[in-house]
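Biologist: I have not worked with this one before. Could you put it on screen and take me through it?

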Amino acid sequence: MKMKIAIDDLSVGMYLHSIEGSWFAHPFWRRRFLVTEEAEIETLRAADIREVYIDCSKGRAPETRRKLPAASSRDPQAPTIARMPTPMPSSGSPRERAELVLNRSKTVMRAVFDRSRLGQIVHATDVDSVVDEITESMDSNQKALTGLLRLKNKDEYTYVHSIAVCALMIGLARHIGESEQRVREIGMAGLLHDIGKLTISQEILNKPGRLSEDEFRQVIKHAERGADIISQGEGIPDVAIEVCRHHHEKFDGTGYPDRLAGTEISLESRMAALCDVYDALTSERAYKAAASPVEALTIMHGLTGHFDPKLLFTFCQSLGIFPTGLLCRTNSNFLGLIVSPRARETLCRLRLFYDLSRDQIVTPRDVVIAGSNLDRPIEEAQPSDYDIYDWDRLSDYLLDRGDAADRAILKRYWRGAEPVVEAAEPAEQPVASGPAASTWQPVSLS
């Protein structure tokens, strides 16, 4: 059990978990250790440290606990947390209301991050108003808020990225049916997932080129540092600490800091990995242009081993956006190919070409993927499960020909069928006085 005590109550035999105040002023190279001599306590006093956290499960607990002043953990010189007690106005367009939520949230998060940068502890009450308003905004108009969250300037990227991941986590948690209390905790986890980056210099974070080995080592420490920072706060849910530490783990076990794999990584951390990368890809930075949502998900789908594949599909469903070229089974029991939105469209289309109920190819037709549509993707389909071979070439053919695709040619891509042969135009033959030149040959598409 962790307990905050006054420095005068610290004694030999206690396990120092963390100090109250800026980590930059920490007088020891070790962040946590067992106090074994009075000289260590005097060193802390000399550094003007007033309060510390001890872990009673690893060392001696105090016999009596001195009551601390209610505001003793607050530095009067630190930025004040801007609360949002007034309710959101009910008037205005969805975009105007989303802009108000975003601006209010940025004000609060800027103050929270500034306080954290100075070593002040982040408590749940500092950020719960942000989570509440983002949740309400996602309820009323998800697309209005998530669309605005892709617009970030370099000075506010850290704050807006945290708000964006919070919103995406809330949307995904709602989609998979989490309880309202759990949705709120997951949203807070998204809001605080990158707080450890405050300990890394902006020069490294915004470096356009490849990081050096030393710079990369500094960057990957942010996950552990962030978990340490928020673990000190009151009311911070355990899932937020877990997500802070493990949102850079990869499904194949090659991530950091603990190289967890598969379901060793918590569901919430796997969710955060998706939301974090998606927002990063769709945001413009000094060293890269922003990808469109479809482009971002197509890139993510191609990162084999990085994400939980089933959860990635669920994430796509929560957004209503899917990677171009993905083979899907629909709730109407068709196979379809995801097609990019046309110019000025925002919704993906699904090119249906196989009726699984009747086990037959149909003339391809496009449907727009929408929440109320009868033809919605319900799972990613594997070509081999449906006796399709050479899926790459079949998908290219479908993307190229659309509803003009020849059903006879489509049939040739099922196992057991004869290889596809499509006649090519005869080449012009040179005029010759001798024997005729060799004739053209059909080109195989198989």
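Biologist: Where does Arg259 lie?
Modeller: Arg259 lies in the loop between α8 and α9. Helices (H or I, at least four residues) and strands (E, at least two) are DSSP runs, numbered from the N terminus. Please note that this is a predicted model, in which local features need pLDDT of at least 70 and side-chain atom pairs count only at pLDDT 80 or more, while totals for chains, interfaces and linings use all residues. Residues are numbered from 1 along each chain as its sequence is written, and side-chain values use heavy atoms, with hydrogens and water left out.

Biologist: And what is the phi of Arg259?
Modeller: Phi of Arg259 is near 50°, a positive value in a residue other than glycine. Most residues other than glycine have a negative phi, and most peptide bonds are trans.

Biologist: Does Arg259 count as buried or exposed, and why?
Modeller: Arg259 counts as exposed because its relative accessibility is 56%. Buried means under 20% relative accessible area, exposed over 50%, and partly exposed in between (1.4 Å probe, protein chains only).

Biologist: Which residues does the cis peptide bond join?
Modeller: The cis bond joins Tyr256 and Pro257, with omega at about 10°. Pro257 is also found in the loop between α8 and α9.

Biologist: What about Asp359: where is that residue found?
Modeller: Asp359 is found in the loop between β7 and β8. Its phi is positive as well, near 55°, and Asp359 is exposed because its relative accessible area is 56%.

Biologist: Let us step back. How many helices and strands does the protein chain have?
Modeller: The chain has 13 helices and 11 strands. Of its 446 residues, 48% are buried. Taking contacts (heavy atoms within 4.5 Å) between residues at least 6 apart in sequence, 62% join residues at least 24 apart.

Biologist: What order do the strands take in the open sheet of 5?
Modeller: The order is β8-β7-β6-β5-β9, with antiparallel pairing. Two strands pair if DSSP finds at least two bridges between them. The edge strands, each pairing on one side only, are β8 (360-368) and β9 (377-380). Neighbouring strands of this sheet are turned by 35° against each other on average, direction ignored.

Biologist: How many bridges do β7 and β8 pair over?
Modeller: Strand β7 (residues 349-355) pairs with β8 over 6 bridges in the antiparallel sense. There, Arg351 stands opposite Asp366 in β8.

Biologist: Which strands does helix α12 lie across?
Modeller: Helix α12 (residues 391-401) lies across β5 (327-330), β6 (334-339), β7 and β8, and runs at about 70° to β6. Axes are lines fitted to C-alpha atoms, for helices over the stretch in contact, and angles run from 0 to 180 degrees between N-to-C directions.

Biologist: And the open sheet of 4 strands, what is its order?
Modeller: That sheet runs β1-β4-β2-β3, again with antiparallel pairing. Its edge strands are β1 (2-6) and β3 (33-34). β1 pairs with strand β4 (residues 51-55) over 5 bridges, and the bridge partner of Ile5 in β4 is Val52.

Biologist: Changing topic: which residues are buried in α5?
Modeller: Among them are Val183, Ile186, Met188, Leu191 and Leu192. The buried residues of α5 pack against α2 (94-117), α3 (124-149), α4 (157-175), α7 (213-231), α8 (238-246) and α9 (267-281).

Biologist: Where is Val243 found?
Modeller: Val243 is in helix α8 and is buried, since its relative accessible area is 0%. Leaving aside its neighbours within four places in sequence, Val243 is in contact with Ala189, His193, Glu268, Ser269 and Ala272. Val243 and Met271 are 28 residues apart in sequence, yet 8.9 Å apart in space, C-alpha to C-alpha.

Biologist: One last item: how many disulfides does a search of the whole structure find?
Modeller: The search finds 0 disulfides, a disulfide being a pair of cysteine sulfur atoms within 2.5 Å. For Cys166, the nearest cysteine sulfur is that of Cys275, 9.9 Å away.
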